[in-house]
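Welcome! Here is a short briefing to read alongside the sequence and the 3D view.

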Amino acid sequence: MRITAYWKVVLKRFVDSMGLHLLRSVQNLVNRDMEIEVVNEFMGLHNGGIERILEESPAVAKKRERLYKSIKLLKDSNDVVAEIMDRITVEDYAECLFLCFRILFGFMFSVSLFVFRN
């Protein structure tokens, strides 16, 4: 009975030791052997590794251009609204307010169409 309990403990320690050994072996492989390969890949002159990392992806460039267009549209709309607000007199306030809301909702609709198309 004591031997059975002892072998259960030995088996558990053996399994734990094997797991730790495998983990340590993989760490050594990565730290020692793969480090040279990774450095050569990134720093190598023949592949241009750093340039590849720093290069902007086409999807990011397209999104950046779309955002620039959206910013330009927002600035233009801001200028139009500011020009309208400059022309406002106290008597025209209600009419201008209605016009500004129409412009604002039209702008929001056009931006949503622009965003969802792209």
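The accessible surface of the protein comes to about 10,900 Å², an area found by the Shrake-Rupley method with a 1.4 Å probe, where for residues only the protein chains shown count as cover. Carbon and sulfur atoms hold 66% of that surface. This is a predicted model, in which local features need pLDDT of at least 70 and side-chain atom pairs count only at pLDDT 80 or more, while totals for chains, interfaces and linings use all residues. Residues are numbered from 1 along each chain as its sequence is written, and side-chain values use heavy atoms, with hydrogens and water left out.

**Overall build**

- The protein has four helices and zero strands; these are DSSP runs numbered from the N terminus, with helices (H or I) of at least four residues and strands (E) of at least two.
- Read from the N terminus on, the order of elements is α-α-α-α.
- Of the 118 residues, 8% count as buried, where buried means under 20% relative accessible area, exposed means over 50%, and partly exposed lies in between (1.4 Å probe, protein chains only).

**Helix H1**

- Helix H1 covers residues 2-43, and its 42 residues should span 62 Å at 1.5 Å a residue; the expected span is 1.5 Å times one less than the number of residues.
- The end C-alpha atoms of H1 are 60 Å apart, which agrees with that expectation.
- H1 bends by about 50° at Met 34, the bend being the angle between axes fitted to the seven residues ending there and the seven starting there.
- Met 34 itself is partly exposed, with a relative accessible area of 40%.

**A nonpolar patch**

- Which residues form the nonpolar patch on the surface? They are Val 26, Leu 29, Val 30, Met 34, Val 38, Val 39, Phe 42, Met 43, Ile 53 and Leu 54, with about 940 Å² of accessible area together.
- Patches are made of residues with over 30% relative accessible area and no salt bridge, with like charges joined within 9 Å and nonpolar side chains (Val, Leu, Ile, Met, Phe, Trp, Tyr) within 5 Å.
- H1 gives the most to this patch, with eight residues, and H1 and helix H2 (49-54) each supply at least two.

**Salt bridges**

- Side chains of opposite charge can pair when their charged atoms come close.
- The count comes to three salt bridges, each being a side-chain nitrogen of Lys or Arg within 4 Å of a carboxyl oxygen of Asp or Glu.
- Asp 76 and Lys 72 meet in one of them, at 3.1 Å from N to O. These two residues are four apart in helix H3 (residues 58-86), which means about one helical turn separates them.
- Lys 72 counts as exposed at 51% relative accessibility, whereas Asp 76 is partly exposed at 34%.
- Salt bridges that share partners join Glu 56, Arg 64 and Glu 65 into one network.
- Arg 64 is partly exposed at 30%, as are Glu 56 at 38% and Glu 65 at 39%.

**An aromatic pair**

- A search of the whole structure finds one aromatic pair.
- The rings of Tyr 6 and Trp 7 have centres 5.7 Å apart and planes at 70°, so the pair is edge-to-face.
- Rings of Phe, Tyr and Trp (its six-membered ring) pair if their centres lie within 6.5 Å, with planes under 30 degrees apart counted as stacked, over 60 as edge-to-face and the rest as tilted.
- Trp 7 counts as exposed, at 52% relative accessibility.
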